[in-house]
Amino acid sequence: MTTILLVRHGHVEGIDPLRFRGQHPLPLTERGYEEAGLTARRIASAWHPSAVCTSPLERCVVTGARTAGLFGLEPVISEGLQDLNYGEWQWKTYEEVRERWPRLYGLWRTAPHLVRFPGGDSLQDIVLRTADVFRQMTEAFPDDTVVLVGHDSVNRALLLQLLDQPLSAYWKLAQDPCCINVIEFRKDVVRVVSVNDTSHLR
């Protein structure tokens, strides 16, 4: 059985007030670095991962490195875990986008599966990337635990696929900083054991 621990990176700027962070380079804040350490200890208390794969963005690499270091591993960069490219919306606040693109912003909040960001990605793009990562991990580690460190949108896209939910349900899943989602894959059967667990951060 493959056990996948799907983790979101720690706290960064742009979460409050909300900005379209996407592929904008952001370091972890002090709070985020502390969250990454708590997450690493939580994982070490219950699992022994054979690999840690992260998005290429610094906030994920650093989050993953805290876990990898406890097991003598080096984080492996996976382009498939790369965050959404928000195009012209990137690093703008939600209010700025709402004022400039009112119709498209409204669609993003109500029917996200119908949106392509101006000059950027759609949710369908990220679904393809994350599906490839899941296949690669289950094939390469059929009897191991693997940690994947991604982003809010990355994790939602993968979880929706595994739960057989439509992309229109994107907003119904919460993915808080440094949450852990536990997924088991055995003989072509997927079981999502837990979603958005942040109990280790309290």
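**Strands, a pocket and a buried glutamate**

Q: Which residue in β5 is the bridge partner of L5?
A: The bridge partner of L5 in β5 is V182. Strands here are DSSP runs of E with at least two residues, helices are runs of H or I with at least four, and both are numbered from the N terminus.

Q: Before I go on, what sort of model is this?
A: This is a predicted model, in which local features need pLDDT of at least 70 and side-chain atom pairs count only at pLDDT 80 or more, while totals for chains, interfaces and linings use all residues. Residues are numbered from 1 along each chain as its sequence is written, and side-chain values use heavy atoms, with hydrogens and water left out.

Q: OK, back to the strands: in which sense do β1 and β5 pair?
A: They pair in the antiparallel sense, over six bridges; two strands count as paired if DSSP finds at least two bridges between them. On its other pairing, β5 (residues 180-186) is joined to β6 by six bridges, and those two strands also run antiparallel.

Q: What is the strand order of the whole sheet?
A: It is an open sheet of six strands in the order β3-β2-β4-β1-β5-β6, with mixed pairing. Because β3 (76-77) and β6 (189-197) stand at the edges with a single partner strand each, one side of each is left without a neighbour in the sheet.

Q: Is β5 mostly covered or mostly open?
A: β5 is mostly covered, as six of its seven residues are buried, where buried means under 20% relative accessible area, exposed means over 50% and partly exposed lies in between, using a 1.4 Å probe and protein chains only.

Q: Which residues does E35 touch?
A: Leaving out residues up to four places away in sequence, E35 touches G10, H11, P177, C178 and L201, a contact being heavy atoms within 4.5 Å. E35 is in helix α1 (residues 30-46), and it counts as buried at 8% relative accessibility. The C-alpha atoms of E35 and C179 are 9.3 Å apart, although the two residues are 144 apart in sequence.

Q: Changing topic, how many residues line the largest pocket?
A: It is lined by 19 residues, and R8, R21, Y86, Y94 and D152 lie nearest its centre. A pocket is found on a 1 Å grid over the protein atoms alone, as an open set of points where a 1.4 Å probe fits, with protein on both sides within 12 Å along at least five of seven lines, and lining residues have an atom within 4 Å of a point.

Q: Which helix gives the largest share of that lining?
A: Helix α6 (residues 152-162) does, with three residues.
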